[in-house]
Structures are given as C-alpha cells and as structure tokens.
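Please look over the sequence and the model shown here before reading the report that follows.

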Amino acid sequence: MKRAAAALVLSFAVYLVPLVGPHDGWLLGTVILRELGGALSGRAARDLGWVATDLGVALAAQAVFGLLLWWFVGRPGWRRGLAVVAPVFPAIILLNHAFLVAVPMRFLIEPDTTPERAGWPLECSLRDVWIPQLRTSATAVAGPEPLWVLEVKAPYRYGLFSMPGCVVRMLELTQSANVYATQVAGDRALVVAIAPATGKQQWSVFDAASGARIPLDVGEGAAPILSRDGRAVVWLRPVADSGSPVHHEAVIHGVDGSAERVIGLGELGREGLLQLVEADTEAGELVLARGLRELFRVGVDGRPRAPLPRPEGVDPHPETVRFLPGGWIAWDGYREAESYRVAWSLGPGTGAHRVPRSRGITSLAASPDGRFVGLSVTSRLNIGSTQDAVYVLGTADGREVFRKYFPKYTRSSLAFLGPGWFAYTDLGGINVLGVR
C-alpha cells in the first residue's frame, strides 16, 4: 500500500514538465488546470474534445511514469533508477510534441481532400515577376486590362503585363523599402515615398503611358486613394476649427489638372473614424467606412445615398469588400480560430463559400463580368504541412472550376485579365490560364 501511495504521489511530477512554445513557456500542470477551469466555467477557449484529449494524454503520461516509479520503489537500486531516469528527456520531448503540435493539429487543421482540377488551359508563363498585392478597383471594361507586375530581383521594377501574347513592359518605377505603389487604376499607380530620417510621406501619381510622376500635396497623415478611372485622387482632411470630435471633409483632386473639389461630410455625423474605401468620380460617388464594418455611399454633394448591403454570414473589414458593376463580394477581415468565409452577390448569382479551417485568404480576385471568384489560401499555423491552394468558383452555383495545390507558404497572388484570362503566381513567376 505504501509502495503504491509513494508511486502515485511522485507521479504528479509529470505536471512539472515544461511546455516551451516559440514565444513563451508553461508547466503542463498549469495548462491542464487552465483548460479544466475554462471548461467547468463554460468559458473554454478550446474545443471540449481538445480539452479532453489533453487531459487524457496527461493522465496517460502520469500512469506510465507512476508504473515505472512503482517498479522502482519495490526494489530500489541504481540500475532501476537509471531505467526510470533515462526516459525522462525523451518523454519531455514527446509531451511537448503532443501538446504543441500533434493535438493542436488534430483540432485546428481541417483536412482538404478536394482533388486538383485543371480544366482551363495554360496560355503562357512569365518567370521572375510577381503580382504584387495592390489595391485595385473593378471596372466594366470588356477587354483585358493590363496587369501590374513586379520584378522579383533587383532593381525591382514595376511593369504592365498584357494579354494576348504574354507581353510585359517594364516601367521606370521601382519598388524599395521607402518607395512603393499602394493602388493602381488602369495605367496609373498611386505611389508613396517615405523619408527614412523623418518618416514623412510624399505622395504622387505615376502615369505609365507617359512615364511622368505627378506630385500630390495631401497633407500630413492623409491616406489618399485613386478613383476607379485613375483620373482623380481623393483624401480626407480635418475641417478647420471643427472642434472635438474632429469633423472631416473629402478632397477630390484631378490628376490631369482639373479643379479641386471639397465635399462636406457633415451628414454622416462625427462619431467614429472615417476611412475612404472607393471613389467613382464618373458616377459622382464615394464609399466610406466608419470603424471596421459600417459602409456609406455618399454623393459629391455630400448627401448619403442608398445604403450599401450588409453581407450576411461574413464579417468584412473595409479592405475585404470589393464592388463590381452590378454587385459586390466580401470576406472575413479576421477570424481567430473559425473558418474564413466569403459571400457574393453578382450578376450570375448569389452565394457563399467557407474556406477550410486553419487557412487564411492571401489573395482574392473576381472576374470583371462577375462569373468567377478566385481565391488563394495559405496556412495560418506554423505547425503541420498544410498545402497552399489556388481555386476558382463559379458565382452562379459556387462550384469549383479550377484548383491547384502548392507548397506551404507559397502565398500566391491572383488576378483576372478581363473576362478571358486568369493569372496566378507560383514560386517561379506568373501563369496565365484561358477562362472557359
């Protein structure tokens, strides 16, 4: 009886095993107590099955260690002591792997067994260039628009890639740590240069047709955007002597020299931080966001127009909403542990899609005619070997029409070149498929 009691008491030393993560460390006992406390209080941060599995692994390790101790206490000696001590270090490694890798993989990573689908023909490939993640605005242009690309090697020039013919024209615009494009519209790019010493920003518009840079004076701290046609730049600025909270107005500056126009936004109220999302100067309309989720459509007269739809089933941020002619597409701005979701309402149909759990959306593109939505997804976890994937959904029925897998963290970028071509990047460059 004393032998069993001694073995049982000593077996609790298992809960002193350190679990060392990339940024912190914990004792096994602390982890188990925290998980059990959360489960019993109804505030479990993890799935109850996960908590039960962690507890089961800990109890199994304690039982094995207890049996070794029971065996040792029955006839103590250095040989038996060595047999008890020898497995300790490997056991610590195994427990760290179990609690930090194996069990989390079981509950966080959703298997994706969808086979590759390669029904669209490869039209051409272009090596040593990349599709940068630039803000763009969809247009109703029927033909293929040029695609902005970026060299993957010095001098890191931007270029315009066009189809048919798989032709790229490099531009006298380069990316560096202090100079880069933020948004493109047609053959124009909004560029910011940051002074290394002061951090001051100087904005300009680069015109690819002429090679000219058009400087902008947008004021300190402003975040300008290009209009959908690239002919104007819009930013918000505080209204002088507006008190607290500060009231803002929108400034529309014609890139080609047209008169600057100021739009009062008083009818939106002063609560919450305003952010420009899109500017359609041809339609005389701005889209603004307040906070992360409220979107407003405002005319150039400053009056709110018909409210924008609130996508059901997704929690978008201003950066994760795209407006297309005749509709929109939106996806989750951030999800802690749940699956990311995409929803759309476009000409061919309305639908939704759920990305397999543990993946995030790297890039999303919609065809100008609204027929297809392309997604690039990558693992959000540093554990496991989940492959990246690029796939395209038909918006009429949500069915996949193309899918290809890549090594983990490839992080492909996507674009549609008009309604006839779909481009995606791999580790070597750009591949262009013919849309069928």
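## Salt bridges across the chain

Glu 249 is buried, with a relative accessible area of 15%, where buried means under 20% relative accessible area, exposed means over 50%, and partly exposed lies in between (1.4 Å probe, protein chains only). The structure is a predicted model, in which local features need pLDDT of at least 70 and side-chain atom pairs count only at pLDDT 80 or more, while totals for chains, interfaces and linings use all residues. Residues are numbered from 1 along each chain as its sequence is written, and side-chain values use heavy atoms, with hydrogens and water left out.

The partner of Glu 249 is Arg 237, and the closest N and O atoms of this salt bridge are 2.8 Å apart; a salt bridge is a side-chain nitrogen of Lys or Arg within 4 Å of a carboxyl oxygen of Asp or Glu. The pair links distant parts of the chain, with Arg 237 in strand β14 (residues 232-238) and Glu 249 in strand β15 (residues 248-254), twelve residues apart. Helices (H or I, at least four residues) and strands (E, at least two) are DSSP runs, numbered from the N terminus. Arg 237 is partly exposed, at a relative accessible area of 31%.

By the same rule, the count of salt bridges comes to 18, and the table lists three of them.

| Pair | N to O distance |
|---|---|
| Arg 237 and Glu 249 | 2.8 Å |
| Arg 403 and Asp 112 | 3.1 Å |
| Asp 426 and Arg 127 | 3.5 Å |

In the salt bridge between Arg 403 and Asp 112, Arg 403 lies in strand β27 (residues 400-406) and Asp 112 in the loop between α5 (88-108) and β3 (117-118), so the pair ties together parts that are 291 residues apart in sequence. Arg 403 counts as buried at 3% relative accessibility, whereas Asp 112, at 23%, counts as partly exposed. Salt bridges that share partners also join Asp 112, Arg 403 and Glu 400 into one network.

The side chains of Asp 426 and Arg 127 meet in a further salt bridge, which links Asp 426, in the loop between β29 (421-425) and β30 (429-434), with Arg 127 in strand β4 (residues 122-127), 299 residues away. Asp 426 is buried, with a relative accessible area of 15%, and Arg 127 is partly exposed at 38%.

## A disulfide and the hairpins

What joins Cys 124 to Cys 166? The link is a disulfide with an S to S distance of 2.4 Å, a disulfide being a pair of cysteine sulfur atoms within 2.5 Å, and by this rule the count comes to one. Cys 124 lies in strand β4 and Cys 166 in the loop between β7 and β8, so the pair ties together parts that are 42 residues apart in sequence. The link is right-handed, with 90 degrees about the S-S bond, and both cysteines, Cys 124 and Cys 166, are buried.

Strand β7 (residues 157-162) runs antiparallel to strand β6 (residues 147-151), and four bridges join them; two strands are said to pair if DSSP finds at least two bridges between them. Trp 148 stands opposite Leu 160 in β7. Five residues separate β6 and β7 in their hairpin, and Tyr 156 in the turn has a positive phi of about 60 degrees.

Strand β7 also pairs with strand β8 (residues 167-174), in the antiparallel sense and over five bridges, and Arg 157 has Thr 174 in β8 as its bridge partner. This hairpin of β7 and β8 has four residues between the strands, and Gly 165 takes a positive phi near 105 degrees.

## An open sheet and a buried serine

Four strands form an open antiparallel sheet in the order β20-β21-β22-β23. At its edges stand β20 (321-324) and β23 (349-354), each with a single partner strand, so one side of each is left without a neighbour in the sheet. Within this sheet, β21 (residues 327-331) and β22 (residues 341-346) pair over four bridges, and the bridge partner of Ile 329 is Trp 344 in β22.

Ser 376 is found in strand β25 (residues 372-379) and is buried, with a relative accessible area of 1%. The side chain of Ser 376 reaches the backbone oxygen of Ser 412 at 2.8 Å.

Definitions and conventions. A polar contact is a pair of N or O atoms within 3.5 Å; within protein, one must be able to donate a hydrogen and the other to accept it, and residues adjacent in sequence count only if both atoms are side-chain atoms.
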